[in-house]
Amino acid sequence: MSPVQERLTDALYGLGWATVKQLPEPVAVRLGRAIADIAWKRRGKGVQRLEANLARVVPDAGPERLAELSKAGMRSYLRYWMESFRLPAWSKERVSAAFDAKDIHYLTDGLAEGRGVILALPHLANWDLAGAWVTTHLGVPFTTVAERLKPETLYDRFVAYRESLGMEVLPHTGGAAFGTLARRLRAGGLVCLVADRDLSASGVEVRFFGDTARMPAGPAMLAQQTGALLLPATLWYDDSTAMKGCVHRPITVPETGTRAEKTSVMTQALADAFATGIAEHPEDWHMLQRLWLADLEPGKGPKAADPGAPA
């Protein structure tokens with residue numbers, strides 16, 4: 001982006017955080033839906049990419065069904081943003097009531113054992129709300145990573161926002177982040193990572209809805225190096241006011257194989273768990289970017305490896 005575009009982007013996000021959280025909730029809901037419908041009708045690159053991705057998730061869907069899914073997907077995506085803009089102003093009671101988690105005992109039991117837990121999620125529904133629920137309702141702090149955005153002021157906004165929700169946020173660059181995450185896990189802490197997309201050279205190839213994609217090696221590598229529990233989790237919206245979520249069974253470290261082979265097996269297991277949740281709630285998967293290797297533009301191969309990036 002040009003410097004002017006960067007300043008405009010930062011200003012728009014700042015306006016969202018400053019203004020939307022002051023709106024009455026019904027007004028914010030209607031505003032988010034209206035913006036989503038306008039964006040969907042314009043059929044920009046993000047909407048077209050979302051629809052193309054959904055065509056892989058629901059391969060038997062015809063054009064009409066795909067259009068319905070992409071419209072619902074944009075509404076889900078804007079619901080995420082409206083909730084995120086408003087989250088810092090929500091009371092603990094409001095956050096606790098806004099999320100209903102199934103099989104959360106996998107998480108709480110793992111933490112009670114003191115071995116550290118890695119919670120890995122795809123871009124489903126509102127992962128920030130789930131994180132806020134963990135820090136407020138469960139009273140459990142955790143560490144996560146954030147991709148460095150441009151302009152730097154926008155990245156700072158996201159870090160400040162997530163820290164206001166009780167998260168420790170590390171920059172998604174360099175080996176230092178991986179080392180810090182490992183230390184948190186060895187101390188019995190919780191690490192949460194959004195882990196369904198990694199186009200870097202360090203990404204692990206997986207089969208995902210019938211084709212090859214790359215996902216980050218970090219969750220599996222951290223589990224191997226620290227002995228932490230690796231738990232996939234998926235999220236979705238339904239007709240109620242509370243977002244729903246499910247913590248899946250732990251992914252165990254294979255007993256045999258090299259580190260790379262173990263990482264491949266574990267990352268494929270993560271991909272399979274993510275695929276289960278995405279297939280059940282495709283309209284809540286906010287993947288408006290290219291994911292499968294076959295969809296990458298010619299000449300735009302993987303980025304240089306980030307040697308320590310966990311997600």
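The side chains of D295 and R56 form a salt bridge, with N and O 3.1 Å apart; the term denotes a side-chain nitrogen of Lys or Arg within 4 Å of a carboxyl oxygen of Asp or Glu. D295 lies in the segment after α11 and R56 in helix α3, so the contact ties together parts 239 residues apart in sequence. The model is predicted: local features need pLDDT of at least 70, side-chain atom pairs count only at pLDDT 80 or more, and totals for chains, interfaces and linings use all residues. Residues are numbered from 1 along each chain as its sequence is written, and side-chain values use heavy atoms, leaving out hydrogens and water.

D295 also pairs with R49 (3.4 Å, N to O). Shared partners join R49, R56, R207, D211 and D295 into one salt-bridge network. D295 is buried, at 17% relative accessible area, whereas R56 is partly exposed at 22%. Buried means under 20% relative accessible area, exposed over 50%, and partly exposed in between (1.4 Å probe, protein chains only).

The structure holds 13 salt bridges. Among them is R75 with D37, whose closest N and O atoms are 2.9 Å apart. This pair links helix α4 to helix α2 (residues 25–42), across 38 residues. Helices are DSSP runs of H or I, at least four residues, numbered from the N terminus. R75 is partly exposed at 27%; D37 is buried at 16%.

No disulfides (cysteine sulfur pairs within 2.5 Å) are found in the whole structure. The sulfur of C192 is 15 Å from the closest cysteine sulfur, in C246, too far for a bond. C192 is buried at 9% relative accessibility, and C246 is buried at 14%.

Methods: Helix = DSSP H or I, 4+ residues; strand = E, 2+ residues; numbered from the N terminus.
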